[in-house]
Structure formats: C-alpha cells, structure tokens
Amino acid sequence: MHSLSLSARRYFPGLAIAAVVALSAQFLADHYGPPAMLMAILIGLALNFLGAEARTAPGIALAARHVLRLGVALLGIRISADMLLGLGALPLVMVALSVPLIIGFGLLLSRLLGQPGRFGFLTGGSVAICGASAAMAIGALLPQDDRRERDIAFTVIAVTVLSTLAMILYPIIAANLGLSTTATGLLLGGTIHDVAQVVGAGFSVSTEVGEVATLFKLFRVIMLAPTVVIGALILRGAASGGGTRPPLVPGFVLGFLLLAGANSFGLVPMALRDLLEPVVRACLLMAIGAVGLRTDLRGLMSVGITAALMLLAETVLLFLAILAAAICLPQ
C-alpha cells in the first residue's frame with residue numbers, strides 16, 4: 001500500500017499535466033475545428049519546460065510510453081473482419097501493397113538524404129498506415145536516445161498538417177476525375193493519413209463515400225500490427241550484438257490483435273466498444289501531448305528541410321499509387 005502511494009505521488013503530477021493537455025486539445029478541436037492531434041503536440045511543445053521538471057517528468061514519461069502503448073492496443077477495438085468483406089479483394093490488396101512500398105521508399109530516401117534508417121521507417125510507416133497513431137506506435141519501438149522524442153514530434157506535426165491539406169484537396173481531385181463511390185472512397189481512405197481527416201473528407205463528399213473511405217482507412221490501421229512486429233524483429237536482430245533486445249512481439253501489438261480478433265468473432269459488445277472509443281482517443285491525445293512536453297523545440301527545428309521533403313515525397317507517392325489503383329477500378 002505504501003509503495004502504491006509513493007507511485008501515485010511520483011507519477012500523478014505528470015499524468016495530470018498530460019491529461020490537461022489532451023482535454024485542452026479536444027476542446028479546441030470541438031469548438032474551433034483544428035485537428036486534436038495537432039493541438040495536443042503544439043500545446044505540449046509550448047509547455048515543454050514541464051518535461052524537465054523533477055516533479056512532473058516521471059508522469060510525463062509514463063504517458064509518452066505506456067499510455068501510448070495502451071492506446072495503440074485499444075485501437076484493435078475498431079477492427080472486425082466483417083466490415084472489410086464488402087470492399088473486395090483487389091482494392092484491399094492494392095492498399096496492403098502500398099504499405100511496404102511507402103516504407104521501402106522512406107528507407108531509400110533516408111539513405112539518399114543522409115537520415116538514419118529508423119527515421120525513414122518512422123516517416124514511411126506514418127504516411128503509409130495511420131499518421132500520428134502509427135508514428136506513436138513505431139516510435140515506441142525506437143531506441144531511447146536524444147533523437148527519439150524529436151523525431152516522433154516532428155513526424156506527428158508533419159503528417160497531421162499534410163493530412164489536413166489532403167482532406168481539403170483530395171475530394172476536389174476525385175470529383176474532377178469523376179471517380180465512382182468505391183474509387184473515391186479508396187482514394188480518400190487509402191491516402192489520407194489520419195482517421196479523423198479521412199472521415200471529414202469522405203463524408204464531405206457523401207455518406208456512402210464516407211463509409212467506404214472509413215473502412216479502407218481502418219484496413220490500413222490493421223496493417224499497423226504486422227508492420228510493428230516486423231520492425232520489432234529487425235530492431236531485435238540489430239540489438240543482438242549487445243544492449244537490451246526488444247520483445248519478439250510487443251505486448252501492445254498482441255493486445256491490438258486480441259481485441260481485433262475478439263471483435264471479429266462478436267465477443268465484444270457494442271456497449272463496450274462505445275465505452276472504449278473515447279478511452280482510445282484520450283490515451284493517444286495524452287501520449288502525443290506528453291511527447292510534445294518532452295521535446296525541445298530548438299531540437300525539433302534542427303530536424304531540417306530534408307526531413308520535411310521526405311514526408312512530402314512519401315505522401316505524393318502514396319497518393320499517386322492509390323490514385324492509379326482507384327482509376328483502374330470498375331466505374
């Protein structure tokens with residue numbers, strides 16, 4: 001009991017700060033319209049001095065790592081096999097193939113532009129899968145050093161800004177090309193980085209497009225699990241010569257898969273899914289805010305223009321690949 005009390009006193013101040021950042025970000029998103037993820041990271045950056053305070057640092061670090069992993073694991077509650085069956089095998093294969101394509105492109109760009117390979121994996125995975133959520137999940141695998149928080153924060157900001165621009169531009173492009181409902185949903189759900197922006201773009205076209213786009217987006221979220229497992233295996237191999245080896249399959253990925261499987265077999269009641277949905281969002285917002293709280297803005301600015309160009313190039317390639325797939329679908 002005494003140790004529990006000590007832990008509460010140690011972690012509560014930092015966790016409370018991360019929770020306040022998350023609540024503030026959600027308030028701004030609800031009342032003024034900006035993406036909540038972007039607001040959380042920006043508010044965290046503005047208050048980053050708290051990340052170095054002895055009283056708040058332990059709880060903020062806990063939110064940036066363990067609350068993050070809890071949120072990623074709970075993402076599995078959104079996934080079921082039934083909701084994907086109506087999309088058709090060919091579009092799903094096209095979306096699945098885009099993930100290794102963009103991650104491979106990110107690794108190639110990192111080599112060409114003098115960036116670490118892990119940064120190419122982080123940016124490529126974020127663009128290919130689910131934006132800020134993927135950045136946080138992949139970032140959880142990376143070694144704990146002075147680059148980790150900075151790279152995650154930069155990637156979260158960049159993919160959120162690009163996703164917001166895509167939410168505005170991509171529906172206009174789809175309309176001008178005269179794409180069908182399924183093709184438009186594929187284009188929006190297969191290319192826009194964050195779930196919220198996919199929903200915004202899809203339902204701005206029509207209810208049918210919004211539903212199809214959301215399903216394609218959730219299929220991309222499914223790709224997070226194998227991507228993180230493969231990344232963990234590679235990092236485990238790289239650490240075999242010394243140091244701490246990452247687990248073979250991270251616990252939060254197992255949680256994601258177990259929840260997705262349970263949901264697919266109808267073992268998760270609708271009431272529980274509705275209850276957990278805001279918990280998922282709260283965990284991710286707290287974690288992203290905590291990353292901002294732990295990031296030095298001067299270090300963030302030092303990431304450089306080449307990193308921004310990497311993310312832009314990955315985004316453009318993903319759009320062109322999925323656009324080609326959407327055009328090839330029967331109209």
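Analyst: Buried means under 20% relative accessible area, exposed means over 50%, and partly exposed lies in between (1.4 Å probe, protein chains only). This is a predicted model, in which local features need pLDDT of at least 70 and side-chain atom pairs count only at pLDDT 80 or more, while totals for chains, interfaces and linings use all residues. Residues are numbered from 1 along each chain as its sequence is written, and side-chain values use heavy atoms, leaving out hydrogens and water.

User: Why does Tyr170 count as buried?

Analyst: Tyr170 has 9% relative accessibility, and the limit is under 20%, so Tyr170 is buried.

User: What makes Tyr170 and Phe319 a tilted aromatic pair?

Analyst: Rings of Phe, Tyr and Trp (its six-membered ring) pair if their centres lie within 6.5 Å; planes under 30 degrees apart are stacked, over 60 edge-to-face, and the rest tilted. The centres of Tyr170 and Phe319 are 4.5 Å apart and their planes 35 degrees, so the pair is tilted.

User: Why is the contact of Glu149 and Arg294 called a salt bridge?

Analyst: A salt bridge is a side-chain nitrogen of Lys or Arg within 4 Å of a carboxyl oxygen of Asp or Glu. For Glu149 and Arg294 the N to O distance is 2.9 Å, so the contact qualifies.

User: How do you know whether Glu149 and Arg294 are buried or partly exposed?

Analyst: Glu149 has a relative accessible area of 8% and is therefore buried. Arg294, at 33%, is partly exposed.
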